[in-house]
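I set out to record what I looked up in this structure, entry by entry. The sequence and the coordinates come first.

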Amino acid sequence: MSSQLHIINSDELCAAPEVCGPNAEGSKEQHLIAQMTGDDDGPAKKFLKRDKQLLKAIAAMVVLMNIETLSRVLYPFKIFSTWIHELSHGTAAILTGGGIEKIFIYPDTSGLAYTYTDGSDFNRGFVASAGYTGTAVLGMTLLLFRRTYRGPTYGTIAIGVAILLSCVLYVRNTFALVFLPIMAIALMFCAWKLKAKYVGYLYSFLAATCSFNAIDNISELFGSVGYVNGEEATSDAHAVAMYWGGSNILWATFWFMFALVCSAVGLLLVFDGVTYKKELKSRDMECPSENPAYTAATIADKPRGDTIIPTAPDYPAYIATTTADQPRGKTVIPNAPREKTIRMY
């Protein structure tokens with residue numbers, strides 16, 4: 001038996017023509033995100049809708065890390081934050097033409113980077129300031145990619161690899177050489193084995209730990225002296241004040257505000273690939289039609305493609321979703337003996 005075919009343009013499939021219709025302006029991704037979050041939603045509203053759990057976790061982290069008895073819960077993350085902090089000092093030294101001699105990470109979550117420069121006050125101040133500023137910038141960068149399709153997985157693996165490399169090249173005390181490789185292997189294992197959703201949570205929390213480094217160490221940042229492995233030491237703020245002028249409170253305040261700005265940028269201006277993919281999938285599955293069963297077929301020379309719907313009531317049909325860049329012509333799925341969904345990619 002045969003059936004007649006009625007061809008309609010795929011623009012008719014979208015429930016919201018103002019978003020996906022032929023007169024819609026802007027890119028497809030922007031419209032899809034707008035369809036989900038609302039056209040009038042600003043970055044703050046979108047963040048609150050998408051990342052409520054992350055926001056709660058960050059608030060809990062800031063509180064826990066400033067309460068000594070409770071901060072033990074986040075001990076591995078504090079060690080990770082210290083590692084990033086000391087590596088930022090070393091990276092600044094390399095950028096100024098110097099280098100890293102060795103890095104120590106201690107059980108009390110303090111650290112020490114032995115670096116060298118040309119001896120100028122500017123370079124010394126730059127290296128001293130890089131601990132908090134470099135950590136905030138790295139955290140912001142990681143946060144920007146937390147909702148991309150592969151960003152959290154690749155980012156977590158890259159962090160693990162970087163930790164192992166630093167242990168080979170720079171880390172020289174026993175505690176760090178034991179703890180850091182275990183943490184690196186654990187991170188890479190999680191990125192490999194966990195579901196993408198949970199890898200995203202882990203990655204986002206690591207990123208937030210970096211971005212909020214200056215915020216979750218308020219007592220150390222504004223303290224009159226610093227402590228490394230239980231012994232008094234010159235704080236970063238005092239060192240910068242010595243080389244660049246000003247007071248330690250001035251530089252500590254600047255770093256605190258800088259960390260807030262970087263955290264806000266990373267949280268609000270995210271590359272939202274996950275939202276785009278979810279909404280695209282939702283569009284493919286929710287196309288209104290009088291006939292509940294229809295078949296989608298893409299024509300290569302049209303930007304959006306056509307949809308072919310069987311009009312015969314006796315036959316259920318397949319649903320086929322294709323992309324507009326298929327090299328061949330029209331794709332028509334024959335009538336099926338039972339209802340099912342086929343996706344073509």
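**Basis.** I worked from a predicted model, in which local features need pLDDT of at least 70, side-chain atom pairs count only at pLDDT 80 or more, and totals for chains, interfaces and linings use all residues. Residues are numbered from 1 along each chain as its sequence is written, and side-chain values use heavy atoms, with hydrogens and water left out.

**Helices α6 and α12.** I took helices (H or I, at least four residues) and strands (E, at least two) as DSSP runs, numbered from the N terminus. Helix α6 (residues 121-144) packs with helix α12 (residues 248-268) at an angle of about 10°, their axes 7 Å apart. Axes are lines fitted to C-alpha atoms, for helices over the stretch in contact, and angles run from 0 to 180 degrees between N-to-C directions. The two helices are therefore roughly parallel, a term for angles under 35 degrees. Contact means heavy atoms within 4.5 Å. From α6, the residues in the contact include Tyr132, Met140 and Leu144; from α12 they include Trp255, Phe258 and Leu267. I noted 13 nonpolar, 4 polar and no charged residues there. Ala, Val, Leu, Ile, Met, Phe, Trp, Tyr, Cys and Pro count as nonpolar, Asp, Glu, Lys and Arg as charged, and the others, Gly among them, as polar.

**Bend in α6.** I found a kink of about 55° in α6, centred on Ala130. The bend at a residue is the angle between axes fitted to the seven residues ending there and the seven starting there.

**Helices α8 and α9.** The axes of α8 (residues 174-193) and α9 (residues 196-211) come within 9 Å and cross at roughly 145°. Leu187, Cys190 and Ala191 of α8 meet Val199, Leu202 and Leu206 of α9.

**Positive phi.** Thr109, in the loop between β2 (99-105) and β3 (111-116), has phi near 75°. Thr109 is buried (under 20% relative accessible area), at 15%. Asn229, in the loop between β4 (226-228) and β5 (231-233), has phi near 55°. At 41%, Asn229 is partly exposed, that is, between the buried limit and the exposed one of over 50%, with a 1.4 Å probe and protein chains only.

**Asn248.** Which residues does Asn248 contact, leaving aside its neighbours within four places in sequence? I listed Gly223, Ala237, His238 and Ala241. Asn248 lies in helix α12 and is buried at 17%.

Note on methods: Angles under 35 degrees count as roughly parallel, over 145 as roughly antiparallel, 65 to 115 as roughly perpendicular and the rest as oblique.
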